[in-house]
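Let's take a friendly tour of a protein model. Have a look at the sequence and the 3D view, and then read on.

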Amino acid sequence: MDAILAALADPARWRLVTLLAERPRPVGVLAELAGARQPQTTKHLQALERAGLVASQRSGQRRIYALRPGPIRDAAAALHALADAAETAGAPFDRHGLAMDAERLAAAAPGWADGREFHFDRALDGAPDAVWHHLTDTGRLAHWWTPDGLRISDLVFDARPGGRIVLEYRDAEDRTGTGEVVGRAEGTVEAAVPRERLAYRQSPLLDGGGPAFTAEVEYTLTARGEGTDLHVRYRIGDSTVQSADFIAGITTGFGQSLDRLTAAVAADRTARPETTETTRDTRSTR
């Protein structure tokens, strides 16, 4: 595929391909129609033939070239699949861009977003004991408490009232930590009732170190058979004008984190017996 795309990338060769798509033609005619010298045209045709895009045969004193449709269709299919993948991957990016535009227009003065609430619900395939462990243990948090495309590079979560919270993000592909920090937030745990309720206040930090806004986040766990219904209330306060971009990403980013939590709880339930989850929960609340 690389050879095909490289061959088609040259404008002169692309012109020859379009001429051959009409019908097979000899080198001399192709050179005349393309407005090029015959030796140059021959070299381009040889490159196209090496890439498998054209075939040739001698007819008397002339060499006739014909376009092979198979490789063209293969390239078209690969480009179509690439476009489909880009459309799927780019949808959150586009939505986030629209959300940022809207929030920036709304952010006219300090306090512009105060009182706004976001609500999230997930049905988790694990008992409240297991879910609590994922919510409060830093080892587990590091696996899910990130939007797509990011990773946690620094994490403190002391799951007790007054406990400290530190959360730092880097790009997921920045494994060495040499790139810039994408985001950092600090906060405090306000309530921690094992298997039932977790609440904390957290502030994403601006580039200068000041808080963009304060989020009051509350997780409520309700047992449902062998699973857990999780409800999250995310309330905004102390919003600054500069917080628009942060707030624009809450619905998508926090939603992606909870999707990762859902997958992590399901995978953990499959890998470990329920009794192990209950035993480990007693250590997660220290």
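## Surface and model

How much accessible surface does the protein have, and what share of it belongs to carbon and sulfur atoms? The accessible surface comes to about 15400 Å², and 52% of that belongs to carbon and sulfur atoms. Accessible areas come from the Shrake-Rupley method with a 1.4 Å probe, and for residues only the protein chains shown count as cover.

The model is predicted: local features need pLDDT of at least 70, side-chain atom pairs count only at pLDDT 80 or more, and totals for chains, interfaces and linings use all residues. Residues are numbered from 1 along each chain as its sequence is written, and side-chain values use heavy atoms, with hydrogens and water left out.

## Overall build

The protein has ten helices and ten strands. These are DSSP runs numbered from the N terminus (helices: H or I, at least four residues; strands: E, at least two). Along its principal axes, the C-alpha trace spans about 90 × 50 × 35 Å. The radius of gyration is 29 Å, while a compact globule of 286 residues would have one near 19 Å. This radius is taken over C-alpha atoms, and the globule rule is 2.2 Å times the number of residues to the power 0.38.

Of the 286 residues, 40% are buried. Buried means under 20% relative accessible area, exposed over 50%, and partly exposed in between (1.4 Å probe, protein chains only).

## Aromatic pairs

How many aromatic pairs are there? The count comes to eight, where rings of Phe, Tyr and Trp (its six-membered ring) pair if their centres lie within 6.5 Å; planes under 30 degrees apart count as stacked, over 60 as edge-to-face and the rest as tilted. One of these is the edge-to-face pair of Phe-157 and Tyr-200, with 6.0 Å centre to centre and 90° between the planes. Phe-157 sits in strand 5 (residues 150-157) and Tyr-200 in strand 8 (residues 197-204), so this pair links distant parts of the chain, 43 residues apart. Both Phe-157 and Tyr-200 are buried.

Another edge-to-face pair is Tyr-234 with Phe-254, at 5.4 Å centre to centre and 65° between the planes. Tyr-234 lies in strand 10 (residues 227-237) and Phe-254 in helix 9 (residues 250-271), so the pair ties together parts 20 residues apart in sequence. Tyr-234 and Phe-254 are buried too.
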